[in-house]
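Hi everyone, thanks for coming.

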Amino acid sequence: MYEKILVATMGEYMDDIIEHTLNILTDNPVEIIGLYVVETSVPFLTPKKVKEMMVAELRSKGEEILDSLAQEFQSPTHYMVNFRKVLLEGSPADEIVNLAENEKVDLIILGTGKNIVDKKLLGSVSEKVVHSAPCTILLVRTS
Amino acid sequence: MLIIALVISLIIVVKSADVFVDNLVDIGAALGISQIILGVTASAIGTSLPEFGSALIATLSGSVDIGVGTVIGSNIWNIAGILGISATVAGVIRTNKEGLNRDWLMTLITGLILLFFMFFGDINWVASIVMVIAYSIYLWLLIKSERGKNQEDAVKDEKDNKDDYPSGVQFKQDKKSINKKTIGFVIVGLLGLIVGCRLLVFSAVELASIAGIPEMIMGLFTLAIGTSIPELVVTLSSAMKGLHDLSIGTVLGSNTFNILIGIGIPALIMQVPVEPLSLSFDAPVMILTTILLMVLIRMGKMKLNRIGGIILIATYVSYAIFRIFIFP
């Protein structure tokens with residue numbers, strides 16, 4: 001049913017996201033784009049060198065996350081999947097929506113599981129994506 | 001007017017420290033100093049220069065209480081205030097056992113070294129030499145640990161052959177040449193730091209005198225919290241981004257630097273007098289806060305959770321109330 005799927009993760013809810021993605025796959029060929037966004041925004045007065053260090057560490061973390069996604073989706077069992085890794089820098093919600101538009105994906109898969117306190121204090125990427133996504137979204141509910 | 005001067009001088013101090021460290025690292029890289037040494041030193045010192053500068057300038061200009069107050073106050077605020085706020089907002093700060101044990105133990109030992117020398121009255125050059133040697137050992141341990149980590153990463157990268165993206169928690173290896181602009185920025189940063197700290201201390205002293213607030217209180221709270229803005233932004237944003245090692249490491253590394261260098265260097269130049277209340281109340285609170293942090297992390301199974309964060313904030317508020325209203 002879906003030919004191009006965008007799986008966006010920040011490293012949380014990985015097992016649940018992978019499980020739900022695999023559940024909707026059929027025998028038809030499908031392209032899956034694994035996306036990790038390095039959030040580069042830092043508060044005013046953050047030292048420049050510390051910002052560079054943060055971005056380098058987040059890139060490194062993103063690489064590991066995308067590699068583990070690749071390991072799952074590129075296994076021989078999932079012969080129908082053509083997997084691609086994308087690592088971007090910027091605001092996670094904006095980058096997810098922009099990539100979905102540019103790549104014309106059919107479905108975005110995201111995890112969601114923050115409690116109300118965390119949502120108020122940290123914000124919610126999935127809520128922002130829901131409001132401006134150009135396609136269907138599968139929000140994987142996690143505990 | 002004085003409050004505006006205080007805020008402006010704080011911004012000057014923090015930005016100047018950033019410009020100074022940033023360009024000094026570039027010069028160090030051009031001179032061929034190891035990236036690991038530069039990285040560790042820049043992150044350890046970068047956020048703590050405002051406290052150091054203020055403490056040094058305050059001590060040299062005769063406002064010793066402000067200098068000592070800024071250092072001890074910053075250390076209590078860093079743990080109880082900054083880590084408390086960060087854990088409350090981010091929900092959790094995870095810890096790396098090895099790094100935490102090293103940094104926490106060093107912070108505790110540092111606090112005990114200060115308390116030990118405070119018992120003998122004024123902090124003099126003997127204490128200063130012990131402190132500077134202790135900090136050199138700590139820096140060496142940090143560099144050794146970072147070297148080991150980088151070697152492990154290099155082996156892992158080679159094994160996995162994953163070269164899709166540049167990686168590694170270190171500064172870029174590109175060797176730049178020293179240009180006039182970089183040297184100029186170092187000088188501008190240093191001048192900004194000196195002028196900013198002087199203005200900061202001056203406005204704090206004047207404000208204390210006009211409002212009838214003891215200089216120690218001014219140092220313990222206003223300057224301590226103000227000069228810790230870099231620690232606050234780094235700790236909070238890295239906790240929110242899930243960079244837990246950086247979050248807790250910034251605070252503990254800063255506390256070690258604040259005492260060993262923030263008091264150690266001024267004590268090399270002149271004797272730093274100790275106020276009785278600092279010995280009997282502020283320094284013990286600083287050490288107890290450090291111990292409380294470890295207790296909360298252990299209780300949270302090597303994580304500082306939101307409840308731990310709220311307990312730390314409550315501890316800071318209680319300390320501030322006691323110190324300002326009961327033992328001013």
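Start with the nonpolar surface patch of about 1000 Å² on chain B, made by L60(B), W125(B), V126(B), I129(B), V130(B), I133(B), I137(B), W140(B), L141(B), L268(B) and I269(B). By patch I mean residues with over 30% relative accessible area and no salt bridge, with nonpolar side chains (Val, Leu, Ile, Met, Phe, Trp, Tyr) joined within 5 Å and like charges within 9 Å. Accessible areas here are Shrake-Rupley values with a 1.4 Å probe, and for residues only the protein chains shown count as cover.

Which helix gives the most to that patch? That's α6(B), with eight residues. Helix α6 (125-160) and helix α11 (264-269) of chain B each supply at least two. I269(B), in α11 of chain B, counts as exposed because its relative accessibility is 52%; exposed is over 50%, buried is under 20%, and partly exposed is in between, with a 1.4 Å probe and protein chains only.

A word on where this comes from: it's a predicted model, where local features need pLDDT of at least 70, side-chain atom pairs count only at pLDDT 80 or more, and totals for chains, interfaces and linings use all residues. Residues are numbered from 1 along each chain as its sequence is written, chains are lettered from A and ligands numbered from 1 in the order written, and side-chain values use heavy atoms, leaving out hydrogens and water.

Now over to chain A. It has five helices and five strands, running β-α-β-α-β-α-β-α-α-β from the N terminus. Its radius of gyration is 15 Å, close to the 15 Å that the globule rule gives for 143 residues, so chain A is as compact as a globular protein of that length. That radius is taken over C-alpha atoms, and the rule is 2.2 Å times the number of residues to the power 0.38. Of those 143 residues, 48% count as buried.

How do the two chains meet? The contact (heavy atoms within 4.5 Å) takes 32 residues from chain A and 35 from chain B. About 3000 Å² is buried between them, and carbon and sulfur atoms give 66% of that. Buried area is the accessible area, 1.4 Å probe again, that two parts lose on being put together, summed over both. On chain A's side, L45(A), K49(A) and M53(A) supply 23% of the area it buries against chain B, more than any other three residues.

There are also four salt bridges between the chains, meaning a side-chain nitrogen of Lys or Arg within 4 Å of a carboxyl oxygen of Asp or Glu. D118(A) and R306(B) meet in a salt bridge, at 2.5 Å from N to O.

Back to K49(A), which is buried at 9% relative accessibility. K49(A) forms a salt bridge with E52(A), closest N and O atoms 3.7 Å apart, and both lie in helix α2 (residues 48-73) of chain A, about one turn from each other. E52(A) is partly exposed, at 28%. Salt bridges that share partners join K48(A), K49(A), E52(A), D22(B) and D26(B) into one network.

Definitions and conventions: Helix = DSSP H or I, 4+ residues; strand = E, 2+ residues; numbered from the N terminus.
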